[in-house]
Amino acid sequence: MMGQRASLMRADGVRVDIDGRTIVDGVRLSVAAGEMAGLIGPNGAGKTTLLRVLAGVQPAAHGDVRVGDAPLLALRARERARRLAYVPQDTTLDFDFTAHDVVLMGRHPHVGRFEPLRPADYEVARTMLAEAGATRLAGQLVTTLSGGERQLVHLAKALAHEPDVLLLDEPVAALDLRHQLQVLGLLRRQATRGLAVVAVLHDLEHAARFCDRLFLLDGGRLVAAGTPREVLTEKTLADVYGVRAVVDDDVATGALRVTALDVMSGPQADARPDRA
Ligand SMILES: Nc1ncnc2c1ncn2[C@@H]1O[C@H](COP(=O)(O)OP(=O)(O)OP(=O)(O)O)[C@@H](O)[C@H]1O
């Protein structure tokens, strides 16, 4: 049962202040092995900032983040990299590495400091490039890849870490329709194999279809958490996104369908103080 699975990523009371402004406020969440969680919310809600805290690259003013039972910040860098992989939104690299080299970097936390990579590491890199649908890019310099191709290569690198927790910031934002489905399906399968996956997603239908659990942020606060059916209600879409929408079942996918009808005027819309 979902509730009995070990929590692999947990955050409690996380607050982030930047330039005197509270960007993330008192967030508490937990993601178990086998779960794919979607972090959703309007622009500027704090999703990227929260994900960066979960990845250990953004300091929090308050709060506790744990990977398994271990406090994230107490883990040494190599141990953290073995347990957790993070793919930021911007994956631009300035170095002339091939895609294959970049994916191989994901194996470094698994080899000794002065030891060479083993044949098995090359095999993992090859497998992950294939899983990400990016085999054809292996020999290409990453500086010459398109935005979507780069996203696939960085996903493959993150998978090559063979982490317990996979954190992704808008992993399908630059991808075409086919690659979106391929990557979301791949993430879903990774979760099913026992990872905890946390992905920032803007497409609510993707979130509903591929995620077990959604965390909805608004103005830095977690305003709803639960299954897609619990979180994606017409009332919530009006309150949080300021959009009049119809939520029903998509007979083709079996998941929720979210049809945005129009932008609401009034207190839910741009006049909200936290949208100023
Ligand atoms: N380094 C920074 N300096 C100042 N403000 C920042 C900084 N990082 C984030 N913010 C602010 O914090 C808020 C949340 O930003 P964040 O990128 O976490 O939002 P988001 O939910 O990921 O948004 P989006 O959906 O647009 O990507 C925004 O108002 C942003 O301007």
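**Loops, ligand shell and domain arrangement in a predicted model**

In the predicted model, D19 sits in the loop that links β1 (7-18) to β2 (21-32). The backbone of D19 has a phi near 50°, a positive value in a residue other than glycine. D19 counts as exposed because it has 5 C-beta neighbours inside 10 Å, and a residue is classed as exposed at 12 or fewer. D19 is also one of the residues that surround the ligand.

The ligand shell consists of I18, D19, I23, G41, N43, G44, A45, G46, K47, T48 and T49. Sorted by class, these residues comprise 3 nonpolar, 6 polar and 2 charged. Helix α1, which spans residues 47-55, makes the greatest contribution to the shell, with 3 residues. Within α1, the buried positions are K47, L50, L51, V53, L54 and A55. Directly after α1, G56 adopts a positive phi of about 80°.

The protein chain contains 9 helices and 12 strands. Its C-alpha atoms occupy a box of roughly 60 × 40 × 40 Å along the principal axes. The radius of gyration of the protein chain is 19 Å, which agrees with the value near 19 Å for a compact globule because the chain has 276 residues. Of the 276 residues, 40% are buried. Among contacts between residues at least 6 apart in sequence, 66% join residues at least 24 apart.

The mean pLDDT of the protein chain is 92, and 95% of its residues have a value of 70 or more. For the complex, the predictor reports an ipTM of 0.98 and a pTM of 0.93.

Two domains are assigned in the protein chain: domain 1 covers 1-68 + 164-236, and domain 2 covers 92-161. Their C-alpha centres are 24 Å apart. Contacts across the boundary involve 9 residues of domain 1 and 9 residues of domain 2. On the side of domain 1 that touches domain 2, helix α6 (residues 177-192) provides the most residues, namely 4. The residues on that side of domain 1 comprise 6 nonpolar, 2 polar and 1 charged.

Several loop residues were examined individually. T92 is located in the loop between β6 (84-87) and α3 (99-105). T92 is exposed, as 11 other C-beta atoms lie within 10 Å. Between T92 and R150 the sequence separation is 58 residues, while their C-alpha atoms are 7.6 Å apart in space.

Q89 belongs to the loop between β6 and α3, where T92 is also found. Q89 has 14 C-beta neighbours inside 10 Å and therefore counts as partly exposed. Apart from neighbours within four places in sequence, Q89 contacts T48, D169 and E170. Q89 and L73 are separated by 16 residues in sequence, and the C-alpha to C-alpha distance between them is 22 Å.

The loop between α5 and β7 holds H161. H161 is buried because 23 other C-beta atoms lie within 10 Å, where 20 or more are required. When residues up to four places away in sequence are not counted, H161 touches A81, R82, A85, G106 and P109. H161 and R178 lie 17 residues apart in sequence and 25 Å apart in space, taken from C-alpha to C-alpha.

E162 likewise lies in the loop between α5 (147-160) and β7 (165-169). The phi of E162 is positive, at about 45°, although the residue is not a glycine. With 16 other C-beta atoms within 10 Å, E162 is partly exposed, whereas H161 is buried. D19, with a phi near 50°, also has a positive value without being a glycine.

Terms used. Residues are numbered from 1 along each chain as its sequence is written. This is a predicted model: local features need pLDDT of at least 70, side-chain atom pairs count only at pLDDT 80 or more; totals for chains, interfaces and linings use all residues. A residue is near a molecule or strand if its C-beta atom, placed from the backbone, lies within 6 Å of it. Helices (H or I, at least four residues) and strands (E, at least two) are DSSP runs, numbered from the N terminus. Ala, Val, Leu, Ile, Met, Phe, Trp, Tyr, Cys and Pro count as nonpolar, Asp, Glu, Lys and Arg as charged, and the others, Gly among them, as polar. Domain bounds come from an automatic or database domain assignment. Two residues are in contact if their C-beta atoms, placed from the backbone, lie within 7 Å. pLDDT is the predictor's confidence in each residue, from 0 to 100. The radius of gyration is taken over C-alpha atoms; the globule rule is 2.2 Å times the number of residues to the power 0.38.
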